[in-house]
Amino acid sequence: MGPENKKGSLKTDRVTIRFAGDSGDGIQLTGERFTTTSAIMGQEVATITDFPAEIRAPAGSPGGVSGFQLTFGSTDVYTAGDSLDALFVMNPAALKVNLTRLKEHGVLVVNTDGFGQKNLEKAGYQVNPLDDGSLDRFKIYKVNISTLTKNAVAELSLSGKEAERCKNFFALGISYWLYERDLDSTIKWLDAKFAKKPEIAQANKLALRGGYNFAAATEMFPTSYHVDSAQKWAPGVYRYVTGNKAMALGLVAAAKKADLPLYLASYPITPATEILQELSSLKHFGVTTFQAEDEIAAIGAAIGAAFGGSLAATSTSGPGFALKSEALNLAVITELPLIVIDVQRSGPSTGMPTKSEQSDLLQALWGRNGESPLVVLAAQSPADCFDVAVEACRIAVSHMTPVVILSDSYLSSGSQVFKVPNYKELADIKPGLVLDTLENFNAYQRDPETLVRPWIVPGTTGGTHRIGGLEKQIVTGHVSFEAENHHKMVSIRAEKVARIAKELPPLKVYGDKKGELLVIGWGSTYGTLRRVVEGLHRRGFPVGFVHLRHLNPLPNDLKSIMDAYPKILVPENNLGQLAIRLGEIAERPLEKYNRVTGTPFREDEIEKKILELFGRSL
Amino acid sequence: MSEPLSRKDFLSDQEPKWCPGCGCFPILKAVSSTMADLGIPREKQAVVSGIGCSSRFPYYMNTFGFHTIHGRAPTIAMGLKMSRPDMNVWVVSGDGDALSIGGNHFIHMMRRNPDINFLLFNNEIYGLTKGQASPTSNVGTVTKTTPLGSFDQPMRPVTLALATGATFVARVLDSDLKGMQEVFTAATQHKGIAMVEIYFNCVTFADGVFDPFSNKKSRAENTVDLVAGKPLIFGVDRKKGLRLKGLKLEIVNVDEVSESELLVHRPEEVDSTQAYLLSQLRFPQMPLPLGIFRQIKAPTYGEMVDRQREEAKKRYGEGDIEKLLKGSDSWVVE
């Protein structure tokens with residue numbers, strides 16, 4: 001279906017838009033539909049969402065505003081974007097919270113029906129901003145969306161409330177006209193989603209078409225915008241996923257590849273809960289989930305399942321990760337395979353539960369008693385959560401070690417186009433040391449190369465043995481408090497994890513391979529940092545970028561890459577945690593850029609910091 | 001056919017490191033004897049413990065064993081049992097381990113009804129840390145942390161287990177080898193959680209706290225054996241009985257009342273009111289009940305997990321990984 005009655009169509013490469021309204025307005029759903037439609041139309045997409053920390057903040061208050069932002073384009077879409085080309089708001093609070101993000105002359109679509117006196121007061125407006133000229137620097141479109149939605153669905157016998165609830169699809173319809181989106185996939189989705197409630201499906205379809213036709217018929221906008229499909233899409237199957245969804249899928253795929261039952265024990269915690277929810281719905285895949293009584297019980301059960309021969313995982317966020325520390329050390333000393341997913345959020349303490357941060361790195365590396373080496377990986381994008389989960393399972397099973405995966409709030413709910421991997425082509429996951437015979441076996445005998453001990457699961461005839469949290473005698477695994485033995489065991493555990501670095505693929509350097517400045521990042525800042533560095537490199541700046549997935553052990557080639565640049569910049573959404581880690585190998589001071597706002601970096605702030613460094617050094 | 005197993009087959013080559021005379025020794029004997037009698041192979045047995053003197057237990061058993069961390073044994077046992085329903089899982093925990101640091105896990109393990117034997121070694125003292133009051137220490141107990149006597153009300157694990165709906169709840173004495181074996185056997189045969197409180201003597205820090213019950217001379221007078229279907233009678237010459245008066249139990253002379261007035265022990269009753277009343281009996285005013293307080297049939301946690309998995313397969317079919325990865329909203333680029 002093509003746009004009708006339009007005056008013209010402008011071509012553009014990339015667009016960033018945001019839908020915002022009360023948390024009950026269906027904003028997330030609206031954003032998701034726009035995203036899927038764009039992805040199906042062959043564009044690159046990245047999203048970010050924010051929703052209130054409170055389940056039901058007072059309607060109409062700034063605290064209750066829910067937002068969904070996405071960037072779609074034909075090329076280089078790595079992030080959900082900084083500033084908005086268009087903003088759709090349902091009420092004054094949504095306007096107030098989001099207006100600073102809108103570009104000068106950006107499109108502002110306002111539901112005037114939401115701008116009654118009460119809502120204005122709740123948002124803290126003395127005067128209606130729609131009337132006082134304060135929005136003149138934007139292209140403002142005032143639409144009585146609620147009223148028009150009711151008219152659009154009038155033929156159905158819905159209550160006033162039910163009819164008004166469709167207003168998000170009316171707004172979506174307007175946005176579809178403005179950006180030349182196809183309606184088909186959304187209509188199909190509505191039919192499937194509300195198969196058992198055809199009247200609701202019909203109402204939303206009428207609202208969607210109503211909004212679309214309204215924009216067309218009233219010649220509301222001077223022009224629509226056309227974005228070409230992305231050029232570089234390889235043939236294959238695509239979908240879009242959030243980070244938490246991708247993480248769950250990765251665990252299921254890895255377990256199948258390892259031919260092990262998947263066991264997840266977790267305690268609900270924002271923003272990690274969806275991983276538990278997702279896997280709880282996959283019982284027919286042989287997945288076992290356990291909603292434990294607390295965070296400690298969750299990791300305890302996962303350790304028990306790992307002892308029992310399952311591919312065991314637990315998912316949490318920073319505060320829960322802190323609670324799991326002692327038990328995680330039990331997995332370290334017993335050398336059991338275990339996946340711990342920390343979807344980081346703003347701390348310390350309860351902090352800002354729905355806001356993002358990458359501030360648990362040092363907790364993951366060093367936040368436990370004793371010498372406690374384990375593997376730490378970080379995901380770089382929502383879709384990458386799949387690959388990281390598979391990689392974590394591979395390392396855990398083949399090296400008999402706990403692996404911590406660091407994701408974050410931004411990745412967990414952000415969605416991205418995901419090229420569905422060919423399951424058959426994923427590598428099998430194999431245990432590190434399989435004994436030919438159990439005759440005279442020892443629970444802590446090791447593979448001479450990898451130092452991996454055997455995984456002999458309960459039920460194995462002739463395999464009875466005891467493990468535990470007390471120090472082990474080298475080889476036999478019996479309890480030992482002997483001095484030299486302890487030093488050896490501490491060293492072996494450290495060396496076992498360190499040797500995993502030998503298997504890591506070479507690091508990829510983006511931008512200048514041997515320049516003046518190397519930017520090093522980890523986690524969810526990947527998209528922003530890569531885009532900025534590649535942009536500056538194209539403009540002639542001698543700047544390169546390396547992104548770390550493996551935080552422990554660090555890749556062996558990192559040192560030589562670092563040595564190729566006189567200056568190193570480490571930007572992080574914390575006060576310099578990776579910089580501390582890299583200080584061990586850098587042998588010189590590192591430049592840092594640290595901002596901890598609960599939101600991802602903006603491209604312009606990173607660019608400014610890099611230019612500053614060149615200003616001083618060039 | 002392999003040889004029948006003896007008790008020794010279930011003991012490891014490690015020498016137990018408990019104080020001479022510790023109540024853990026007879027319990028080790030009773031557990032290993034029970035295993036041998038039941039004939040469940042070693043490799044199908046797993047013992048999971050927390051931290052404390054008693055929690056060294058797994059090292060001395062030639063079974064699978066996991067000596068975990070303080071208070072958390074139930075969590076690890078839960079994961080193991082869910083992962084390996086074929087294993088016969090035993091939790092070994094102390095009064096501090098199970099009721100203080102691990103109190104939360106204790107109640108949740110009880111209410112979920114996994115098919116696990118929970119041995120609660122209760123010596124009313126912290127032994128491994130060398131003598132501090134525990135959650136079961138009686139009011140007035142003088143220890144290094146309570147030099148003027150403890151004033152925390154002691155916790156009653158049998159009462160607590162009953163409150164969570166535990167399907168098998170019992171109490172035994174370390175001095176009663178036969179009693180332990182009977183109860184451990186019943187616990188193993190019970191489908192579901194079996195919580196057995198074992199009064200065991202700490203020779204070093206709380207020696208003799210259970211003497212009124214374990215001493216052969218006073219036991220008959222101070223304890224009442226719980227026998228299913230039988231009236232509750234005790235005393236040296238078995239002349240004392242328990243009778244319900246209002247909402248309380250009272251001691252009566254069996255010669256002065258008709259037998260029908262005596263309370264008959266009914267551990268199989270789903271309503272746990274009577275078991276609760278028995279769990280509340282306070283020595284020395286009343287005798288200490290020993291044996292099985294409650295033993296009812298209910299679906300186990302593992303059965304529920306299996307049932308839901310089958311239900312999911314019935315509803316959605318056997319999971320297809322390729323379909324799952326593609327999702328319902330995917331599109332193809334040629």
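These entries go through the sheet, then the interface, and they concern a predicted model.

**Entry 1: the sheet**

I started with the strand order in chain A. Seven strands make an open sheet, running S11-S10-S12-S13-S15-S14-S21, and the pairing is mixed. I checked the ends next: strand S11 (288-291) and strand S21 (550-552) of chain A are the edge strands, each pairing on one side only. From one strand to the next I get an average twist of 20 degrees.

Then I picked one pair inside the sheet. Strand S14 (residues 375-378) and strand S15 (residues 402-408) of chain A run parallel, with four bridges between them. Ala378(A) sits opposite Leu406(A) of S15(A).

What packs on the sheet from chain B? I find helix H2 (residues 73-83) of chain B there, touching strand S10 (262-266) and S11 of chain A.

I note 70 residues of chain A in contact with 56 residues of chain B. The area buried between the two chains is about 5,100 Å², and carbon and sulfur atoms give 66% of that. Which residues of chain A lose the most area to chain B? They are His284(A), Glu293(A) and Arg466(A), together 14% of what that side buries.

**Entry 2**

I looked for charges meeting across the interface, and the count between chain A and chain B is two salt bridges. The side chains of Lys424(A) and Glu322(B) meet in a salt bridge, at 2.9 Å from N to O.

**Entry 3: who supplies chain A's side**

I listed the elements of chain A that give two or more residues to the side touching chain B; among them are helix H1 (27-40), helix H9 (243-258), S11, helix H11 (295-307) and strand S17 (466-468). H11(A) gives the most, with eight residues. By class, I read 38 nonpolar, 23 polar and nine charged residues on that side of chain A.

**Entry 4: strands across the chains**

Last, I followed S17(A) over to chain B. S17(A) pairs with strand S2 (residues 64-67) of chain B in the parallel sense, over three bridges. Gly468(A) has His67(B) as its bridge partner in S2(B).

Key:
Residues are numbered from 1 along each chain as its sequence is written. Chains are lettered from A and ligands numbered from 1 in the order in which they are written. This is a predicted model: local features need pLDDT of at least 70, side-chain atom pairs count only at pLDDT 80 or more; totals for chains, interfaces and linings use all residues. Side-chain values use heavy atoms; hydrogens and water are left out. Two strands pair if DSSP finds at least two bridges between them. Axes are lines fitted to C-alpha atoms, for helices over the stretch in contact, and angles run from 0 to 180 degrees between N-to-C directions. Contact means heavy atoms within 4.5 Å. Buried area is the accessible area (1.4 Å probe) that two parts lose on being put together, summed over both. A salt bridge is a side-chain nitrogen of Lys or Arg within 4 Å of a carboxyl oxygen of Asp or Glu. Ala, Val, Leu, Ile, Met, Phe, Trp, Tyr, Cys and Pro count as nonpolar, Asp, Glu, Lys and Arg as charged, and the others, Gly among them, as polar.
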